[in-house]
Amino acid sequence: MTTPPISELTDRARDVFRMVVESYLDTGAPVGSRTISKISGMNLSPASIRNVMQDLEEFGLLAAPHTSAGRMPTDSGLRLFVDGMMQASEPSVEERAAIEARAGQVGPVEEAIANTTAALSGLSACAGLVLVPKAEPVLRQFGFVPLSQDRALAVLVGDDGSVENRVVHLPGGIDPHSLQQAANYMSAMLSGLTLSEARARIERDLAQQRAALDSASAALVERGLAVWSEDGGRRPVLIVRGQARLVDATAAEDLDRVRQLLDELEGKEEIARLLDSAREGEATRIFIGSENKLFALSGSSVIAKPVRSLDGRVVGVVGVIGPTRLNYARVVPMVDFTAATLARLLA
């Protein structure tokens, strides 16, 4: 059944639905008609409220886990609540200070990012997630080793002593002299630059015909840098902090779900792909339960926000993962604030 828009519900149905969702998110337990009757302030008997809840169940917004139990929101119901009824509450002064303090700690940027993610995890009672590009190496030396007539091994030595190898296809007209010329040029002109800076310089020099290279060597230089840059761009770093917070007091009642979620968190490539899908657009993305097949079995939700630099570029994604009953009104603004804090850190 197609979930109706919030405008199609009666005022009474909206009020009952909102109270069921808010009570469920607060307690994690199905909500009965007597509970709603006590907290609603509406002049409705438990029987009348049961009728309304039955209607909401037929709309696909509520479900009863057991015949005699109360109701709880479905994933579709949570989506309707988050998009149309939730009233977000901004992080408190103390919560903001805790996040900023972690981001401002002295040390490597990677450590500050991990600490900030841990702070978000602690404040939200979820596991914190952040996806950032792998740091580009500063270049020191290049080399090309012939493998066959049309392939060579491109060797990149970083300023930190790291060595990376890539197989590149050789353009036509390449001979050993051209290979050496390309390597010498790259080592002399690009040492001390990052990959992105090196590509920008090569493109500029070739466009202005300032590179002292023949056409074959110039093509090889471009190809070698392109292979390294494209490969590096596909290797984002995913940091996960606070998995233990997913095992809360209610987890004992649903250990299979928790085990499933912890298993899913081990598959970092899939998590990274999900977070990467949140890079487009300005708004915070909320993935609820079965809306995403990755978390359909564990019944988990992900809240993710792109991290943008001062010039508007997306430099990462930050978010949290927790049970579908997490406090969206509190956690969404907290993720937004953490994204803004990390944006200043990564600028």
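**Note on the predicted model: strands, helix packing and salt bridges**

1. Strands β8 (residues 285-288) and β9 pair in the antiparallel sense over four bridges, where helices (H or I, at least four residues) and strands (E, at least two) are DSSP runs numbered from the N terminus, and two strands pair if DSSP finds at least two bridges between them. Within this pairing, I288 has S301 of β9 as its bridge partner. The model is a predicted one, in which local features need pLDDT of at least 70 and side-chain atom pairs count only at pLDDT 80 or more, while totals for chains, interfaces and linings use all residues. Residues are numbered from 1 along each chain as its sequence is written, and side-chain values use heavy atoms, with hydrogens and water left out.

2. On β9 itself, eight of the nine residues of this strand (residues 300-308) are buried, so β9 is largely enclosed by the rest of the structure; buried means under 20% relative accessible area, exposed means over 50%, and partly exposed covers what lies in between, with a 1.4 Å probe and protein chains only. β9 also pairs with strand β10 (residues 314-323), in the antiparallel sense and over nine bridges, and here S300 stands opposite P323 of β10. The hairpin of β9 and β10 has five residues between the strands, and G312 in this hairpin takes a positive phi near 95°.

3. The loop between β8 and β9 holds N292, a residue that counts as buried at 15% relative accessibility. When residues up to four places away in sequence are not counted, N292 touches L274 and F287, contact being defined as heavy atoms within 4.5 Å.

4. A separate point concerns the open sheet that three strands form in the order β4-β5-β6, with antiparallel pairing. Its edge strands are β4 (139-146) and β6 (163-169), each of which pairs on one side only. Neighbouring strands of this sheet are turned by 20° against each other on average, direction ignored. Strand β5 (residues 151-158) pairs with β6 in the antiparallel sense over seven bridges, and R151 stands opposite H169 in β6. Helix α7 (residues 176-190) lies across β4 and β5 and runs at about 175° to β4; axes are lines fitted to C-alpha atoms, for helices over the stretch in contact, and angles run from 0 to 180 degrees between N-to-C directions.

5. For the helix packing, the axes of α6 (residues 109-124) and α12 come within 11 Å and cross at roughly 170°. The two helices α6 and α12 are therefore roughly antiparallel to each other, given that angles under 35 degrees count as roughly parallel, over 145 as roughly antiparallel, 65 to 115 as roughly perpendicular and the rest as oblique. Residues that make the contact include V109, I113 and L120 of α6 together with V331, M334 and L342 of α12. The residues of this contact divide into 11 nonpolar, three polar and one charged, where Ala, Val, Leu, Ile, Met, Phe, Trp, Tyr, Cys and Pro count as nonpolar, Asp, Glu, Lys and Arg as charged, and the others, Gly among them, as polar.

6. Turning to charged pairs, a search of the whole structure finds nine salt bridges, a salt bridge being a side-chain nitrogen of Lys or Arg within 4 Å of a carboxyl oxygen of Asp or Glu. One of them joins R71 to E57, with the closest N and O atoms 3.0 Å apart. R71 lies in the loop between β1 (62-63) and β2 (72-73) and E57 in helix α3 (residues 46-58), so this pair ties together parts that are 14 residues apart in sequence. R71 is buried, with a relative accessible area of 14%, whereas E57 counts as partly exposed at 26% relative accessibility.

7. R344 forms a salt bridge with E100, the closest N and O atoms being 3.4 Å apart. Because R344 lies in helix α12 (residues 328-346) and E100 in helix α5 (residues 93-103), the pair ties together parts that are 244 residues apart in sequence. E100 counts as partly exposed, at 38% relative accessibility. A salt bridge also links the side chains of E90 and R96 (3.5 Å, N to O), in which E90 is exposed at a relative accessible area of 58% and R96 is partly exposed at 29%.
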